[in-house]
Amino acid sequence: MDQGFNLEDIAPIAVLMDELRSEDVQLRLNAIHSIPTIALALGPDRTRDELVPFLQDSVDDEDEVLLALAEELGRNFEEYIGGPQYAHILLGPLENLSAVEETLVRDKAAESISKIAAVLSTVQIEEYYIPLLKRLSQGEWFTSRISSAALYPPVYPKATPAVQEELRKGFAALGADDTPMVRRAAARWLGSFVKNLSKHHVLSDGLPVYRRLQSDDQDSVRLLTVEDLIVIAQQLTPPEVKEQLLKQIRHSVADKSWRVRYMAATHFNELAEAVGTELVREELIGQYVQLLKDNEAEVRTAAAGQIPGFSKLLEREVILARIVPCVRDLSHDTSQHVRAALANQISGLAPLLGREATVEHLLPLFLHLLKDEFPEVRLNVISKLETVNGVIDIELLSDSLLPAIIELAEDKSWRVRQAIIEYIPLLATQLGKPFFDEQLGNLCMSWLGDTVFSIREAATINLKKLTEVFGVEWAKVAIVPKVMGMGQHPNYLYRMTTVQAITTISPSLTLPIVQAEIITPLLQLAEDPIPNIRFNVAKALEILAITFGNTPEGTEFVKQRIIPALEQQKNDGDADVRYFSTRAVQKALLVLDKSG
């Protein structure tokens with residue numbers, strides 16, 4: 001055997017080759033993810049000469065393996081081949097991956113090429129990147145042309161003026177391609193490309209491409225141009241926008257395809273900010289009203305989501321004259337999704353209109369939406385009451401608020417019940433203690449007996465938050481007696497809820513309350529016939545020991561009441577009870593050691 005032959009030199013790449021030929025996809029995936037390790041073992045020279053060419057030929061595989069390869073090559077892989085001066089070598093395998101059929105693989109390959117472009121020198125770009133871009137842009141198969149669109153923006157700022165001109169022409173050709181998928185890619189990347197252009201070139205090169213795509217016969221292309229429109233508008237002055245883009249804005253908002261109008265509605269606030277207040281008041285307000293009255297519910301839903309943001313750009317009188325009538329119509333919309341979107345946003349108008357106008361115009365709509373048959377609409381109004389409370393007194397709403405809350409609290413969908421529970425502490429802050437005690441106190445307790453565990457759990461967290469809002473003395477009178485009373489219930493679920501409520505609420509209470517009201521009934525539950533309750537008592541005692549064991553009075557309390565009970569539980573017949581009580585004793589003793 002040749003003495004100069006070293007088995008260690010050949011091993012890493014041979015192992016990789018073997019694993020990449022394996023029948024098992026997972027093995028091949030693992031092999032791809034181990035490429036950086038193999039590259040380190042081989043060293044920069046052999047990685048460049050052997051590993052990268054091998055990877056370049058390895059594009060005939062499952063899509064998930066190719067996706068992993070495209071990702072690995074974009075993770076600063078140039079460090080393994082000798083640094084940025086060799087980074088162009090990685091373009092070979094990535095070029096092959098940019099032309100495969102699977103979209104995810106192509107997108108990831110294009111993303112990795114863009115990352116490599118960031119470390120290439122001007123010479124490398126002209127010698128390797130631009131030829132690659134031309135090959136992909138003029139590829140016979142449309143997949144490579146799609147990938148090429150993403151590769152123009154990252155390289156444009158680093159190219160020389162002559163090359164920049166070629167790039168602008170190349171991108172324009174993609175925008176006029178025969179294949180709709182290629183035009184879609186051009187529309188998707190036009191915004192990023194235009195950001196790099198000078199003002200002169202935006203007008204001379206960017207705009208013609210945008211106009212062609214914006215009037216494309218495929219709505220899947222046109223809908224992507226809405227974001228391009230915003231980018232171009234940001235590059236131009238308001239007079240230039242009015243001169244160059246007004247026609248296109250009108251076309252997008254009134255497009256025959258609802259999907260394009262939906263995109264225009266979704267991005268309307270960004271567009272309004274980009275074009276400037278003068279054009280908003282002259283032109284866009286009319287376009288916006290058109291979207292709010294659109295015959296497609298999806299478009300009205302998207303437009304309703306933009307109401308407060310767009311109204312900020314308008315004067316109060318204009319909001320009252322143009323926007324509020326539309327809001328009134330939307331509150332009676334036939335689609336529940338439109339009403340839900342409106343309910344989520346309508347409160348944002350209150351600070352803009354001020355107290356009097358809110359009471360006159362918005363209050364009737366709040367009250368109407370609070371009586372809506374669809375739970376999500378009522379929930380959305382309640383969730384945003386904080387914004388309204390800053391403008392008008394919430395008492396004005398309380399008569400309608402209460403029936404709405406009670407209806408939601410008893411809704412057949414547990415998710416609706418859970419959502420309203422989460423808003424109760426916020427409502428409590430705004431409504432005040434007397435109203436809460438009188439109207440909502442019993443409701444909060446009833447949730448503790450709900451048939452769904454998630455509701456019972458949310459109810460205990462709710463009680464903890466209410467204790468933080470109204471104070472410990474309130475909790476001592478309003479919460480603790482009712483919670484402890486449930487500990488005597490014949491149904492074990494109620495007894496379990498008592499234990500879990502103690503575990504959650506006790507850190508917010510004081511030691512005297514725990515000693516007087518909680519510890520005795522809790523220790524009685526330590527002898528409950530149900531093991532689940534007994535080990536939850538051990539968890540509750542652990543929390544009490546951790547919470548109160550760091551003061552002299554607390555230390556005494558832990559020694560006298562908690563540790564003896566836990567020691568007794570350590571001899572329980574149930575394995576879980578023994579485990580949790582043993583853990584609780586250890587934690588309690590740790591706390592005592594620290595405080596001692």
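**Exercise 1. Find which residues Tyr129 touches, leaving aside its neighbours within four places in sequence.**

Step 1: apply the contact rule, heavy atoms within 4.5 Å. Step 2: skip the neighbours within four places, and Tyr129 is left in contact with Leu91, Ile113, Ala117, Leu120, Gln124, Leu151, Pro154 and Val155.

A word on the source: this is a predicted model, in which local features need pLDDT of at least 70, side-chain atom pairs count only at pLDDT 80 or more, and totals for chains, interfaces and linings use all residues. Residues are numbered from 1 along each chain as its sequence is written, and side-chain values use heavy atoms, with hydrogens and water left out.

**Exercise 2. Decide how helices α9 and α12 are oriented to each other.**

Step 1: helices are DSSP runs (H or I, at least four residues), numbered from the N terminus. Step 2: α9 (residues 142–149) and α12 (residues 180–195) pack at about 5°, their axes 8 Å apart; the axes are lines fitted to C-alpha atoms over the stretch in contact, with angles from 0 to 180 degrees between N-to-C directions. Step 3: angles under 35 degrees count as roughly parallel, and α9 and α12 are therefore roughly parallel. Step 4: Phe142, Arg145, Ile146 and Ala149 of α9 meet Met181, Val182, Ala185, Ala186 and Trp189 of α12. Step 5: these residues divide into 8 nonpolar, no polar and 1 charged.

**Exercise 3. Work out whether helix α15 is enclosed or open.**

Step 1: list the buried residues of α15, namely Thr225, Val226, Asp228, Leu229, Ile230, Val231, Ile232 and Ala233. Step 2: that is 8 of the 11 residues of α15 (residues 225–235), so this helix is largely enclosed by the rest of the structure.

**Exercise 4. Describe the whole protein.**

Step 1: count 40 helices and 0 strands. Step 2: note that the C-alpha atoms fill a box of roughly 90 × 85 × 40 Å along the principal axes. Step 3: buried residues make up 52% of the 596 residues.

Methods:
Helix = DSSP H or I, 4+ residues; strand = E, 2+ residues; numbered from the N terminus. Parallel < 35°, antiparallel > 145°, perpendicular 65-115°, else oblique. Nonpolar A, V, L, I, M, F, W, Y, C, P; charged D, E, K, R; others polar. Buried < 20%, exposed > 50% of the residue type's maximum accessible area, 1.4 Å probe, protein only.
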